[in-house]
2 protein chains.
Amino acid sequence: MTAATNTTGRENAKAQALRDPLREANEPTSLVARFGPERGLVMDCGVTLAGWQIAYQTYGTLNAARSNAVLVCHALTGDQHVASTNPVTGKAGWWEVLIGPGKPLDTDRFFVICSNVLGGCLGSSGPASNNPATGRPWGLDFPLVTIRDMVRAQAMLIDHLGIESLFAVIGGSMGGMQVLQWASSYPERVFAAMPLATGARHSAQNIAFHEVGRQAVMADPDWREGRYLDADTRPSKGLSVARMGAHITYLSEAALHRKFGRNLQDRDSRTFSFDADFQVESYLRHQGLSFVERFDANSYLYLTRAMDYFDLAADHGGVLARAFAGSKTRFCVASFTSDWLFPTSDSRAIVHALNASGASVSFVELESDKGHDAFLLDEPELFATLRGFIGAAARVRGLA
Amino acid sequence: MTAATNTTGRENAKAQALRDPLREANEPTSLVARFGPERGLVMDCGVTLAGWQIAYQTYGTLNAARSNAVLVCHALTGDQHVASTNPVTGKAGWWEVLIGPGKPLDTDRFFVICSNVLGGCLGSSGPASNNPATGRPWGLDFPLVTIRDMVRAQAMLIDHLGIESLFAVIGGSMGGMQVLQWASSYPERVFAAMPLATGARHSAQNIAFHEVGRQAVMADPDWREGRYLDADTRPSKGLSVARMGAHITYLSEAALHRKFGRNLQDRDSRTFSFDADFQVESYLRHQGLSFVERFDANSYLYLTRAMDYFDLAADHGGVLARAFAGSKTRFCVASFTSDWLFPTSDSRAIVHALNASGASVSFVELESDKGHDAFLLDEPELFATLRGFIGAAARVRGLA
């Protein structure tokens, strides 16, 4: 009992130290670049966002030539806390396996920037942040965001930081979509690009999974047509269901079988009830519950929609190669054998387009049973690939 | 306008002719076998169900030797209306492509029986039917059902019909689980068995998908802890989300790409909203909405749970071959190349066990891009396989 009390005491103390996600949406524990009406953000939907902000973190030091900056683009439920403790969860940065002193993306050599995406909920303008015109949360009044809008906002941040050209842009999944968009929209500003576990367009099946997640959120009466923050409610049940479903797609059948199989959770036999008898059920429920404590439901709707809308070829007359015409950027594309959300065929389509456009591209399909999430995990083969690619690019760029 | 009015008129008339699903749960438009307390159903959970019923349909004529009976086992959301119009939806029977006069399962030759599973909602005892002790719907007071319980109930129906031995048992998916259970529990009563697109146990990933669906139903406040029928509500939003998610798993990425791709639904460009811009979204929403009109939410919980619990080897010391020891039944196992819910590896595990037990087994993996649902569709190769297998078995059985 004493041990239990102590644990609870520690957890309470930890909880008190953690930041309220809603507060983070407006006053983030991050650097913030604020843009007034004179520097409005022109968005694909036709709206110009007047008065907006972008939250970001940096690691390492920008060199005098301003030539060693690396932009990291985060995935759907990621954030700018890529290599330092997350203020909301108290957990390590989501890509600390890759980024830090002496790591493949070495912060002793590179100036690493990671910003919260437009439409996100950790300090960049989005549905959870306040509409300057009303002082109340935007909710669904926030304009729909596209991947290109996210990249436009990042480009204005890079301008703000006085950086003309990025040494590299790197990201996986939705982050990889941003990498592709960067290389297409601003080829002269990207020396090297690393789109990982991603695609140049979202597939019908992926749109379908996203739509189920959105319907789960919107079915929750506490969603209140998107105005839950005004009502001080949260569609936690709906968002949790959405996360549970999505989480399955981030793993693989082999990984689920290896980790959980049909093992029972803390019991010797089936309970003949709807309890979480199986470990895999208990794990998924935990994934759902912990997600809703850190993520805004409307942001989830916006960012899934941005991914669904992404189709880089469609913006170039249906020919993906045209998105990279004349590009001098050097690319490193990577996929994982067990990723069924962005299978290798998606990466191959990117590589074929880059080949057709005459761009410089390396491609590797990495053997892993960990599914889509492999790009976030300790995968030595991925790290070796990136270390080699980054090192070679740095030498060409004249970085020591 | 006239045409539209006429259509509406016809649809109204049709709607009036359709049966209320809740009424079907107790007084089905089917044959019904009723069992009193003296013929209670002993269930795996330890309960003996005293006073229960099983609803069924038959097609064709039982021969004098009572040797031409074929039991068809339905899948998760199927029912006994396998080859005749469904009274709730007004649609054709779910396996009319396979079953009827002159068809591979020829009702001019065979006496085809299909019963609603125990725990179902079209007339067999289940959570939507009335508890004889209270006269009110069982809801979650109904005991948890297993695949073996379903088969025990079917065996009592077969007894009731005076049939000692079935010529064949056939079914796909959850129906295939019942086929395997029949062959294991009553080997002397099954001459031929055709488990299609199924497995001898439910995988971790499949349990995970089911759990998401259950959580979607239970997250709906109109579920009311399972007592929604008493409150005259329905957890339609939650059940619809569950169906949408499940439906994706019944198809394949290739089929979704072929049918929908990234095509927009009745519009020229993206709306920058959360409308169903994409055809695949519109299709899924329709699948969800039409499902809730015909299916009971608690039944969905029970039947998904029965599938999760299914693990035929676990009932035989972990050795699947022991489930079929000494079996004289002849088996035909079939899987589909694009089925990722019950992939070919699941069927191979069944075949290996049957080989190890010395049983007679044919196995075919059928080329199809239609995913798990292929077993329900017009697949000429499947029909040719079944026609050949059934014909040969009938000759051995001495059926003209």
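This is a predicted model: local features need pLDDT of at least 70, side-chain atom pairs count only at pLDDT 80 or more; totals for chains, interfaces and linings use all residues.
**Helix pair within chain B**

- The crossing in which α5(B) passes α9(B) is left-handed.
- On the α5(B) side, the contact is made by Ile207(B), His210(B), Gly213(B), Arg214(B) and Val217(B).
- On the α9(B) side, Ala297(B), Tyr300(B), Leu301(B), Thr304(B), Met307(B) and Asp308(B) take part.
- Six nonpolar, three polar and two charged residues make up the contact of α5(B) with α9(B).

**Relation of the two chains**

- Chain A is superposed on chain B by a rotation of 180 degrees with 0.0 Å of shift along its axis, at an RMSD of 0.0 Å.
- That is the relation of a two-fold axis.
- Both copies use the same surface, as 100% of the contact residues of chain A recur in chain B.

**Contact between chains A and B**

- In chain A, 42 residues are in contact with 42 residues of chain B.
- Helices α5 (204-219), α7 (236-250), α8 (253-259), α9 (279-292) and α10 (297-309) of chain A each supply at least two residues of the side of chain A that touches chain B.
- With 11 residues, α5(A) gives the most to that side of chain A.
- The side of chain A that touches chain B has 22 nonpolar, eight polar and 12 charged residues.

**Helix pair across the chains**

- Helix α5(A) packs with helix α8 (residues 279-292) of chain B at an angle of about 50 degrees, and their axes are 9 Å apart.
- This angle makes α5(A) oblique to α8(B).
- α5(A) and α8(B) form a right-handed crossing.
- From α5(A), Ala204(A), Ile207(A), Ala208(A), Glu211(A) and Val212(A) meet Val280(B), Glu281(B) and Leu284(B) in α8(B).
- By class, six nonpolar, no polar and two charged residues form the contact of α5(A) with α8(B).

**Sheet in chain A**

- Chain A has an open sheet of eight strands with mixed pairing, in the order β1-β4-β8-β5-β9-β10-β11-β12.
- Strands β1 (31-35) and β12 (360-366) of chain A stand at the edges with a single partner strand each, so one side of each is left without a neighbour in the sheet.
- On average, neighbouring strands of this sheet are turned by 20 degrees against each other, direction ignored.
- Strand β5 (residues 69-73) of chain A runs parallel to strand β9 (residues 166-172) of chain A, and four bridges join them.
- Opposite Leu71(A) stands Val169(A) in β9(A).

**Sheet in chain B**

- Chain B has an open sheet of eight strands, ordered β1-β4-β8-β5-β9-β10-β11-β12 and with mixed pairing.
- At its edges stand β1 (31-35) and β12 (360-366) of chain B, each with a single partner strand, so one side of each is left without a neighbour in the sheet.
- From one strand to the next, the twist averages 20 degrees.
- Seven bridges join strand β11 (residues 330-336) of chain B to β12(B), and the two strands run parallel.
- Ser360(B) in β12(B) is the bridge partner of Arg330(B).

Terms used
Residues are numbered from 1 along each chain as its sequence is written. Chains are lettered from A and ligands numbered from 1 in the order in which they are written. A crossing is left-handed if the near helix is turned anticlockwise from the far one by less than a right angle, and right-handed if clockwise. Two residues are in contact if their C-beta atoms, placed from the backbone, lie within 7 Å. Ala, Val, Leu, Ile, Met, Phe, Trp, Tyr, Cys and Pro count as nonpolar, Asp, Glu, Lys and Arg as charged, and the others, Gly among them, as polar. Copies are superposed by least squares on the C-alpha atoms of residues with pLDDT of at least 70 in both. Two strands pair if DSSP finds at least two bridges between them. Axes are lines fitted to C-alpha atoms, for helices over the stretch in contact, and angles run from 0 to 180 degrees between N-to-C directions. Angles under 35 degrees count as roughly parallel, over 145 as roughly antiparallel, 65 to 115 as roughly perpendicular and the rest as oblique.
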